[in-house]
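User: I would like to learn how to read helix packing, pockets and ring pairs in a model. Please take them one at a time.

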Amino acid sequence: MYMQTRGERIFSYFNYILLFVICIITLYPLWHVAVASISDPILVFAKRGFYLWPLGKATLKGYSLVLNNPNIVSGFLNTLFYVGVGTTLSMVVTILGAYVLSRKGLYWNKVVMGLIIFYMYFQGGLIPFFLMVKNMGLMDSRWAVILPTVVNTWNLIVMRTSFTTVPDSLIESAKLDGASEWRIVWVIAVPVLQATVAVIALFYAVGRWNEWFNPSLFLTSKNKYPLQVILREILLKNSTQSMTQIGVVGQSEQESYRLLVKYCTIMVATVPILLVYPFLQRYFIHGIMIGSLKG
């Protein structure tokens, strides 16, 4: 049985303490918002500092106000659409593009990869991007949020590198059995690389969920706004007045409920995507290591 030396034990204890401190620093802001969202709004408005437990009597009044707001509901549904359709389309295009680029017999393979890597570092800028979307007739369309950013260059490179790890003998055997390239991709290659596929899908989903700049740039109809744009308006433009006037009298009490609504809105926008992580966390190390260190 291996016995750690004194220096190794000290190093391990230091690592445990450091990781514990990092976990507290990382998790406390979310805990602070969660506790404040169910606290008495008057006490939350009056007290500043750290919250370890709910202040006063716990209440769900803030969540009731948030969920009764039609903008929050429509924003949540729009975000589900952008995440579902956008992630699916991004994964299909990324997988097909990565598989083609991973084939050794592809003409101009190095040239195409060089152009892709060049684009990853050098882009046209915001004004050409805006003009491109406008000239394509996508302004104030849900597709303006999805199509211009359908492929992430880094995700494509990671997926392409992962496809190079699929044994050539496996693909050749499938071709001898009469399998088409389409069948090889979805029936053989993708299941072999399920860890990488799961991680890249999560990256796309999180990116779509948190996206706010492009929607605020290309969308003018409020009924098409994703949840993050609605959240931005609530947090920065102080657009909570219509949500806090129900049963609230007095200027100070309205301000208290506005603060409560902000906390509740942050939780509504954050918790759903956090629930996805436990199901895909086990793929992280394996999937990323295959895609980024191989080749």
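Predicted model: local features only at pLDDT ≥ 70, side-chain atom pairs only at ≥ 80, totals over all residues.

User: Which residues of α4 and α10 meet?

Analyst: From α4 come V92, I95, L96 and Y99; from α10 come E181, W182, I184, V185, W186 and V190. Sorted by class, this contact has nine nonpolar residues, one charged and no polar.

User: At what angle do α8 and α11 pack?

Analyst: The angle for α8 and α11 is about 175°, and their axes lie 11 Å apart. Angles over 145 degrees count as roughly antiparallel, and α8 and α11 are therefore roughly antiparallel to each other. On the α8 side of the contact are W154, N155, V158, M159 and S162, which meet T196, V197, I200, F203 and Y204 of α11. Seven residues of the α8 and α11 contact are nonpolar, three are polar and none is charged.

User: Now pockets. What is the general idea?

Analyst: Empty space left between atoms shows up when a probe the size of a water molecule is rolled over them.

User: How much space lies in the largest pocket here?

Analyst: The largest pocket holds about 710 Å³ of space. Its lining is made of 23 residues, and those closest to its centre are Y119, P148, T149, V151 and N152. Two or more lining residues come from each of α5 (109-121), α6 (126-135), α8 (153-163) and α11 (194-210). Helices α8 and α11, the antiparallel pair, are thus among the elements named for this lining.

User: How many residues of each class are in the lining of the largest pocket?

Analyst: The lining has 13 nonpolar residues, eight polar and two charged.

User: Last, ring pairs. How many aromatic pairs does a search of the whole structure find?

Analyst: Two rings pair if their centres lie within 6.5 Å. Over the whole structure, the search finds 10 aromatic pairs.

User: Which residues do ring pairs link into a cluster?

Analyst: The cluster linked by ring pairs consists of F129, F130 and F218.

How values were computed
Residues numbered from 1 in each chain as written. Heavy atoms only, no water. Phe/Tyr/Trp six-rings, centres within 6.5 Å; stacked < 30°, edge-to-face > 60°. 1 Å grid on protein atoms, 1.4 Å probe; cavity = no way out; pocket = protein on both sides within 12 Å on 5 of 7 lines; lining within 4 Å. Points joined across faces, edges and corners; volume = space filled by probe spheres on them. Helix = DSSP H or I, 4+ residues; strand = E, 2+ residues; numbered from the N terminus. Nonpolar A, V, L, I, M, F, W, Y, C, P; charged D, E, K, R; others polar. Contact = heavy atoms within 4.5 Å. Axes fitted to C-alpha atoms, helices over the stretch in contact; angles between N-to-C directions. Parallel < 35°, antiparallel > 145°, perpendicular 65-115°, else oblique.
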